[in-house]
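Q: Could you walk me through this structure, one piece at a time? I'd like to begin with one of the loops.

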Amino acid sequence: MNESQSDELPLGTTPAFANMHKWLRRGLIVCLCALVLEGAFTFPLLAVWYGWPTLSLQEICTEFERIRFSDESRECIYPYPLFGPAEGAGQTTARDEWGVQPRPQYQAIEYRELVRRVEARRARENQ
């Protein structure tokens, strides 16, 4: 390489590794863009999966609390107090196996199952 080409290299890049650095930079940009897109679409798609147009985000959160702690009286607190107790503090209703690697005992939540659970609860309450 002549002197003019080595002056154009980024700081810390030697001519022998210039091509590798170029491809690493391109690969990292692609990976970062993929992470941004994944993060942008994860929450909306999960909200739809759990039943968002039918249920509000508050109702979805409340159903998660009820499933997680096996307690039908649990409610999602929004906005949560800044210096409030830790989430789930003092709860004794969860049926998880506690240990080094805790194992939850609730079933996986399927597509729009929270909508069915809320509708069933409302039907029970209206009887």
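A: Arg 112 sits in the loop between H3 and H4, where helices (H or I, at least four residues) and strands (E, at least two) are DSSP runs, numbered from the N terminus. This is a predicted model, in which local features need pLDDT of at least 70 and side-chain atom pairs count only at pLDDT 80 or more, while totals for chains, interfaces and linings use all residues. Residues are numbered from 1 along each chain as its sequence is written, and side-chain values use heavy atoms, with hydrogens and water left out.

Q: OK, what is phi of Arg 112 near?

A: Phi of Arg 112 is near 55 degrees, which is a positive value in a residue other than glycine.

Q: And is Arg 112 buried or exposed?

A: Arg 112 is buried, because its relative accessible area is 19% and buried means under 20%, with exposed over 50% and partly exposed in between (1.4 Å probe, protein chains only).

Q: What about Ser 70, where is that?

A: Ser 70 is also placed in the loop between H3 and H4, and its phi, near 50 degrees, is positive although the residue is not glycine. Ser 70 counts as partly exposed, because its relative accessibility is 29%.

Q: Switching topic, where does the kink in H2 lie?

A: The kink, of about 30 degrees, lies at Thr 42, shortly before the proline Pro 44; the bend at a residue is the angle between axes fitted to the seven residues ending there and the seven starting there.

Q: Which residues of H2 are buried?

A: Ala 18, Ala 47 and Tyr 50 are buried in H2.
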